[in-house]
Amino acid sequence: MTALLETALLVLEDGRIFRGEAYGARGEGLGEAVFTTGMTGYQETLTDPSYHRQIVVQTAPQIGNTGWNDEDDESRGIQVAGYAVRDPARTPSNWRSRRSLEDALREQGIVGISGIDTRALVRHLRERGAMRAGVFSGDALGPDDELVARVLGSPQMEGADLYGAVTTREPYVVPADGERRFRVAALDVGIKFNTPRMMAARGIEVHVLPAGTPMEQIDELAPDGFFVANGPGDPATADAPVALTRQVLERRIPTFGICFGNQILARALGRGTYKLRYGHRGINIPVIEHATGRVSITSQNHGFAVEGEAGERFDTPFGAAEISHTCPNDGCVEGLRAIDVPAFSVQYHPEAAAGPHDAADLFDRFVELMDGSKG
Amino acid sequence: MPRRDDIRHVMVIGSGPIVIGQAAEFDYSGTQACRVLRAEGLRVSLVNSNPATIMTDPEFADATYVEPVTPEFLEQVIAAERPDAILPTLGGQTALNAAVALHESGVLERYGVELIGADIDAIQRGEDRLKFKEIVQSVGGDVPRSAVCHSMDEVRAAAADLGLPVVIRPSFTMGGLGSGMAHTPEDLERLASTGLAASPVTEVLIEESVLGWKEYELELMRDKHDNVVVVCSIENLDPMGVHTGDSITVAPAMTLTDREYQRMRDVGIAVLRAVGVDTGGCNIQFAVHPGTGRLVVIEMNPRVSRSSALASKATGFPIAKIAARLAIGYTLDEIRNDITGETPAAFEPTLDYVVVKIPRFAFEKFPGADPELTTTMKSVGEAMALGRSFQEALGKALRSMETSRVGFWTALDPDGDPDVAASREGRIYAVEQALRMGRSVADVAAESGIDPWFLDQILGLTELRQEIEDAAVLDAPLLRRAKRAGLSDRQIAVLRPEFAGEDGVRSLRHRLGIRPVYKTVDTCAAEFAARTPYHYSAYETDPAAESEIAPQTEKPKVLILGSGPNRIGQGIEFDYSCVHAVMALREAGFETVMVNCNPETVSTDYDTADRLYFEPLTFEDVLEVVHAEQVSGTVAGVIVQLGGQTPLGLAQRLTAAGVPVVGTSAAAIDLAEDRGAFGEVLRKAGLPAPAFGMATSFDEARAIAARIGYPVLVRPSYVLGGRGMEIVYDDETLAGYISRATTISEDRPVLVDRFLDDAIEIDVDALCDGSEVFIGGVMEHIEEAGVHSGDSSCALPPITLGRSVLEQVRRSTEAIAHGVGVRGLLNVQYALHGETLYVLEANPRASRTVPFVSKATAVPLAKAAARIMLGATIAELRAEGLLPGHGDGGELPPDAPIAVKEAVLPFHRFRTVEGHGVDPLLGPEMKSTGEVMGFDASFGAAFAKSQAGAYGSLPTSGRVFVSMADRDKRAMVFPVLRLADLGFEVLATEGTADVLRRHGVAATVVRKHSDGSTEGGETIVDRILAGDVDLIINTPYGNSGPRVDGYEIRSAAVARGVPCITTVQGAGAAVQGIEAMKAGRIGVRSLQDAHASLLKARS
Ligand SMILES: Nc1ncnc2c1ncn2[C@@H]1O[C@H](COP(=O)(O)OP(=O)(O)O)[C@@H](O)[C@H]1O
Ligand SMILES: Nc1ncnc2c1ncn2[C@@H]1O[C@H](COP(=O)(O)OP(=O)(O)O)[C@@H](O)[C@H]1O
Ligand SMILES: [Mg+2]
Ligand SMILES: [Mg+2]
């Protein structure tokens, strides 16, 4: 703890300002302020593409304790637009740690702030809803009203088309562990490293494809299954992936979607999506599966949700479908299942990372689905 | 799916007396269970021998049996109550073991009673360490290598195979009793033999040592749908080798990545399922290798545990309450989270603060006991603190301990190099000193096994200290940072002498507007709005920081200050009184606000008071809470009288600071506590007290002793709980005491009292409203004065005192109450010496015996006291029916049942450095951890129950060994004769045997220990250890005589668990008890029933 502390500000679009110390890179970070309640897994969270253009507020007060290692990244780098914490670790301690969290933030130019009353900030976001914000330090600092103006000048999350910014430019293949049982075309709208890993462990060869991939290329692959990943932004803008998914459904290719993928499947089935006040972001969130009544504790990260009611059945261009999972906290839709075509999806993260592994068996269901339609 | 409708009547088993390893947390869990089950409309019957518990209050169950928690008595209760089911998982190991016994003896089957919340096979799979290890491996988990042994030969073989050091762990014991780390073959012999003896199934586990690894615990819950949640993760700051109960622990885990944490979670859940804990809570411990991350499972407790209570308070997720609901058929998703009111209990709490728990020890009470912390739990209590950072929580927890040190730098550094390797009480202070003196984190980590992250946080504090010392002026930013790091005003004052103490720092702080904000424990890191006002303080540097105290103006508020960490002399009894005050004042229309830092208690359950502040009970922290409450409404009063010495000690300063302390005034408290002033009160009232004097040197002391005559009782004038008291018989021992009393000085003199030999001690609890005095109860001690009132057993109503004495007791108590100016509760201790009734001391506060008296007499003393403190008169309370219409506890109806209180002592947990037992002798210094109540029509039966509840039944046949001091021989003849008539074989040492023979008792002579054993004759100690003695009567030979024999005999008795009576009076009582048992005159009766007839007899 040094005496000379560099100031940093976190400025909300409604004019509320939190004063703390500069953390990570100096400068300006603009994005939507959201909070995550996970007590572990900041490395996975920061590298999760779904957090693209968001300023993540960590409710857990002591952050960086286990440093930064070479194994736990969930994408090519840190994705967040800014990072707000209360107490950063002075020096990390863990046998796998290679560098400190702050070094990782600095190296990757992520502007952060520490020492603010994160709980007050979270309560504000809970009441007023997630909103635009900016983290400012160093040369980016200026008079309050000017900073607020800069925040108001930044784009809204609603209507934001972001998956294009995080998708892979080139297709790539993740080979199956051991002998290959299936080939899956995975649409990368912000996929996390652990998802192909989970599939590969089940004998799936995963072809990770750019978001703009046309149906023809998928036909060439002749996959046993189609997967739509998680990703950032407003699903209402994702028309291309939705159209693609419709074509896949026409071909009755077994389909599985996660998070953004759940919203895309929903839209393909004719359902709308809407923005949640402050979303679900954490690794302690219950989900009830209505078929069994069982509860899973899940990892979640979504600011938008699919319209629908617990257990609701509805008609779609592809036959009947149902809302298969909801969150008992607020009744929010957490999963869908098409009945006449082989397709299902969940709003939460069975690949976890960070988070509990309760829902890992969904990948086995995907395998069963592909088995089934292989005949 | 809703709850089962085939269960209408549940029997809950409590955990019995407070002992090390099983304390107040089981009153908290049991009370929650009773509340929940009754709210569900079920009939609840309860068995618990501990009268100091809230759960045994008549209003918490339909039928409350304050009876021993033993299979015999439980069967009687089952026969009387015929419950549909028994819930045994909330009463600790005691309840669980009792349930297993009832199952094995076929009682459950015979009465068609179902065990709920636990399944016998699961219990065995969880508790049988070998079976358990197999299960862990079967689900892919890893465990320390080990072997189960049933004999010393097997033990030696196993140790040879594993290589020393090894851990020795008896099966089916709680709190690590009898377990330990064997570094040498000698350790192995000693620990394994006691371990085999300690285990109810003579089984010990010899285990590979993982000493120095990181230790973790997970608290899990499972419902009948197989939904599982992890409620809390706990990381031990002290590494493996120090019992979790003795470790500083932190929640949530601080030094695990998500991968490692999820691995632990996966293994934990898999183990829970494989063991088959069908519903309820369970606790699993892990060790993690700091260098490789290798994860091994240490053990699981298939029940609510000490850590579950901690986890509940740490997270706001009430494990016991939910376990009770699960047991009657609900599933987690059907149970609402009280705190949010909206979301279900099927989730995992997330914390936006850090929790630190620190254990409280009592080594000073057991001279010669080895202070090394090992795998056997030795702490007697704990304090918990919440802060927004580890540093803040650590600081708050350290100052909650109420030991001589109240946080870093508040006492002089001990000279010599700080020893960070030895795991001892207060090692954290040595660690801080070492880092401050420049030793590297890596270095200290290597020696102590403490994770570098924690050490670095402490290093940060030492750097901050430097900054504060070096700063030209203590400006606002620096002061804010200091407070944010958890430093108390007092700590800062140590670093900045110009403030002349903490008051100076505080006024500066207030001038600069630096005050704590109060945050809320809400299980969800503020994701949802919280309805339960469960708060903790924190300092923020952010100007946008928020406090979350909702204004409350409809009702006047009353703050009740709790009693802090449990310790010997101040335990659960005081929490009981605080909780009663809350209940009574709530009913009377006040908003109740509880302040306490003890996670084990009912008072810190957010369901108890209208608001809860989980805060240290220091002057600074209390003052800030009062301020926060005054800002949010009107504070009618602060109660300091019910939480024992802790809050009482704050009375003066709070009053001086303008805080409205209600009840007995600070000045009056001083009258009672200041020796001189109190002497005046007695003189005016014409009441005799033992002659005494104050000495600041040996010569003065000797002069006083010469004047008042030996024996004398010496003690430092300033300590409580009988600390450092000794009975001295001659100049030589007096000289010894004075030389040992290091802190003796002009302003810290030694008190020398005339010691009243063979006096009957009498304890009185009374209420006074300023005009009327209500005697709550008069307790006659069974042991003579000289045995601390907290350690001696006593009877209520008195069994031998005559009318005139009782009249004298009443008049004296009234005189003292008025003389002192008591408003509320008063406790007076008398010694009846010959015809004279001496006053020993008066405590102007709730005493340890308040719950016992309230249960014995069916009068809620603490409730009445709380009302009186807020202005009600005794007359009004009588009219209201809170107190009986006429008469009081000083004059109980002739046919009133007899209540006997027996103390429970922890000697068996302590060992000298050489590994011998410590002397289980009673004296003026209190040593007991808890108590039981025996309640029955006759004294004999009540006493027998008290023994059964405290130590296991008295024998009704077999061998009694008798050896007594000359002065006792006379008095002993009759009881021993009686035992012989009752068919006991009598063994005695030579002198005693002669006396007995002359009175026609054929006693067999046995060799004294000091004679040494020969091929021909074993000594008495050999025979006790061999287990062929069933009862021991051994009175000490005064201070002068040869006491070593007595010591060897008594510690052998403790080692073997043989009832050992050390006073003449105790022997008499035991004989009456044995008679009652032989006559089969011992049944069970519910408190409600007993109280009903008491009330009838009164009106
Ligand atoms: N194999 C071991 N090596 C070193 N220390 C151990 C080992 N097993 C247990 N311990 C220590 O002993 C303590 C008590 O052991 P535990 O299995 O938890 O028994 P209990 O909690 O029933 O007393 C643990 O908290 C841990 O610190
Ligand atoms: N003058 C005395 N003569 C005999 N016993 C005494 C005397 N004074 C105190 N005691 C014994 O010592 C015990 C503790 O003394 P007390 O004054 O009650 O201190 P504490 O504050 O620890 O209760 C008493 O319970 C009593 O048994
Ligand atoms: Mg344990
Ligand atoms: Mg006393």
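This is a predicted model: local features need pLDDT of at least 70, side-chain atom pairs count only at pLDDT 80 or more; totals for chains, interfaces and linings use all residues.
Residues are numbered from 1 along each chain as its sequence is written, chains are lettered from A and ligands numbered from 1 in the order in which they are written, and side-chain values use heavy atoms, with hydrogens and water left out.

I then found G233(A) among the positions that UniProt, in an unreviewed entry, lists as "binding site", including S50(A), F260(A) and F304(A); such annotations may be inferred rather than shown by experiment. These positions are spread over 255 residues of sequence, yet they cluster in space, with a largest C-alpha distance of 13.3 Å.

Next I turned to the magnesium ion (ligand 3) and saw that Q285(B) (OE1) and E299(B) (OE) coordinate it at 2.1 to 2.3 Å, donors being N, O and S atoms within 2.8 Å of the metal (3.2 Å for Na, K and Ca), and since water is not among the atoms, sites may look incomplete. Q285(B) is buried at a relative accessible area of 7%, and E299(B) is buried at 15%.

For the magnesium ion (ligand 4), I noted Q829(B) (OE1), Q829(B) (NE2) and E841(B) (OE) at 2.2 to 2.5 Å. Here Q829(B) counts as buried at 10% relative accessibility, whereas E841(B) is partly exposed at 31%.

Conventions. Buried means under 20% relative accessible area, exposed over 50%, partly exposed in between (1.4 Å probe, protein chains only).
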